Structures are given as structure tokens and as C-alpha cells.
Amino acid sequence: MTLSRRNLLASAMLLAFSATTFATSSAFAAKPLVMGFSQVGAESEWRTANTVSIKDAAKKDGVTLKFADAQQKQENQVKALRSFIAQKVDVIAFSPVVESGWDTVLREAKAAKIPVILTDRAVNVADKSLYVTFIGSDFVEEGRRAGQWLIEHAKKTPDATLNIVELQGTVGSAPAIDRKEGFQEVIGKNPKLKIIRSQTGDFTRAKGKEVMEAFLKAEGKKINVLYAHNDDMAIGAIQAIEEAGMKPGKDIIIISIDGVKGAFEAMIAGKLNVTVECSPLLGPQLMSIARDVVAGKPVPARITTVEGVFPAEVAAKEFPNRKY
């Protein structure tokens, strides 16, 4: 074989090897990121908007999303996380039903070298390295903002004692614990603001109505203020107040959290006084962070969303801007 033919053969072999390597590399590069996501459920307008945001963002970003609805049961979430581990997904994200009881399954994820991202709600674990980051709102601050609005409102009648009833979120959940804490921290500065009844409404409209009916039966016109940990419970409570022959927003001042369209409609109708924003539109941010985490890039341990407070006076103007 001549030198020329040897060179040609070597070049052809090199080109073939390079093409194979490139094809393999391209196939690897094109492999979509696979995310396992466990959602709390569909208990509210907020949660529905959160699910839509995550699914839409995954589709837009080319992420293969394995989605599981826990129907507000921790045991369903644990099963889902173990299923994701068995499927060897690239990253796990979830919004925990409650704060505690996650150590074992998160250790299993860590042993499988699958990073975990918390969204919307936090967990209480001894080893903080069991998850990479938390994306979501500052629930304590939301409670403080609700309390601060009431402090300002109470200045209109400085000599009056305001009796408050509280509709708490799901027992043991981070937003229920934190929103109660933040609100109590602020209103505790005014001895004339007193919580006379406090009970879970489980973040649902139906339960919010049921518990408010019980509050009204027990306390009647002694109730001056309702503080609801989310808008859906507040909307359910509004129905109960109206059925009791009272005017929500006037006879009973109503403060809630989330900022969903239903709350703005209630404010425009004069039935709700203020909503503290808690944005559910976490999807795009989650996909971006997930890619950084899988790539091994450093990310902050806590990523807080930017949100506002919307009193009834601005509801009509703000309503067209609401995306959920």
C-alpha cells in the first residue's frame, strides 16, 4: 500500500471515528433533563396555578416532567419520591404537604445521588444537605404583612378592641405555621387586637366555609376581623358570613393571603379588604435552577420570590394584570 493510500485510509478512519464521537456527544447533549415533581394536590386556585406554571415551564424548557399529585397526603408524596428514585430521574422537586417526616426518604435520594429542590413549602430535617435549595415565598413575612395591614386599619378606631378569628392552613404545613407566627408577632404589639378563635380550614373553600359557620355560631357579632391563611378559605368564609345575614368586608373585616383572581373579584365586590400576595408562578425559575443544580453549578440555599400587598382600593386597577 502506498503512503498516499495509507494517508487516505487513516483520514477516512479518523473522520468515521470523529463522526461517531460527535453523534454520541450530540445524542448525550440532546438527552432531556428528567424531573420528578410531587405536588401537594389541587386544594386551591393557587395550587392549580402553580401546577400549570410548572407543567408549562417544563414543556417550554424541554424538561421531561414526571408529575405526581399527592392529594394532600404525605404518604402519597413519600411513595412518589421513592418511585422517582427507582426511575433514576436527574432531579427531584416537591412541595411538601407538611414540614416533618422527610428525613428517611430524602436520605434515600441523597444515597442515589439525586439532588432535591423544595418548592413553595419547606421541610424540617436535621441534615440540611438532604436538599439543595428552597424556592418560594417567605411565609412568616406574609403573616407579618397581614398583621401590619390590620395594625394600620386599627388606628382608625384606636379605642376599640378588635376580636379576630383565624382560619389556619393545613395542620403541620409550613405556610400554616409561618403565617400564624408572622401575624401573631405583629398584632401582639397592640393589646386591643385579640384572636378569640383559631382553627384549620385545610386551605380549602369548603372547609373555610364550614369552620367560619362554627365561628359565627359560637361568637356571632363579637367577631370583628377574619384572618384567613389563604384566599380560598376566605372566599368560603364570605359565603358563611352572607348566609348568616352579615356583610363581609364591612361587618367583618377580612384579610387573606395568596392574591388569586377570586380574591380580587371579592375585593372589587366589597367583600374582602386585603390580600397579601404569594406568587404560584414558580415554574420558569424551577426549571432554570434545576438545570444549574444538575450541571453542578452553585445555587443559593434560599431563593425568595418578590411579592406585594393589595388592599381593596387597588383591586379594580390591578385585576387585569393578574395571571392566576
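**Exercise 1.** Find the bridge partner of I255 in β10.

*Solution.* In β10, I255 is bridged to V274. Now widen the view to the strands: β9 (residues 253–258) and β10 (residues 274–277) pair in the parallel sense, over four bridges. Here strands are DSSP runs of E with at least two residues, helices are runs of H or I with at least four, and both are numbered from the N terminus; two strands pair if DSSP finds at least two bridges between them.

A word on the model before going on: it is predicted, with local features needing pLDDT of at least 70 and side-chain atom pairs counting only at pLDDT 80 or more, while totals for chains, interfaces and linings use all residues. Residues are numbered from 1 along each chain as its sequence is written, and side-chain values use heavy atoms, leaving out hydrogens and water.

**Exercise 2.** Describe how α5 and α6 cross.

*Solution.* First, the axes of α5 (residues 139–154) and α6 (residues 174–187) come within 6 Å and cross at roughly 35°. Such axes are lines fitted to C-alpha atoms, for helices over the stretch in contact, with angles from 0 to 180 degrees between N-to-C directions. Next, take the handedness: α5 passes α6 in a right-handed crossing, that is, the near helix is turned clockwise from the far one by less than a right angle.
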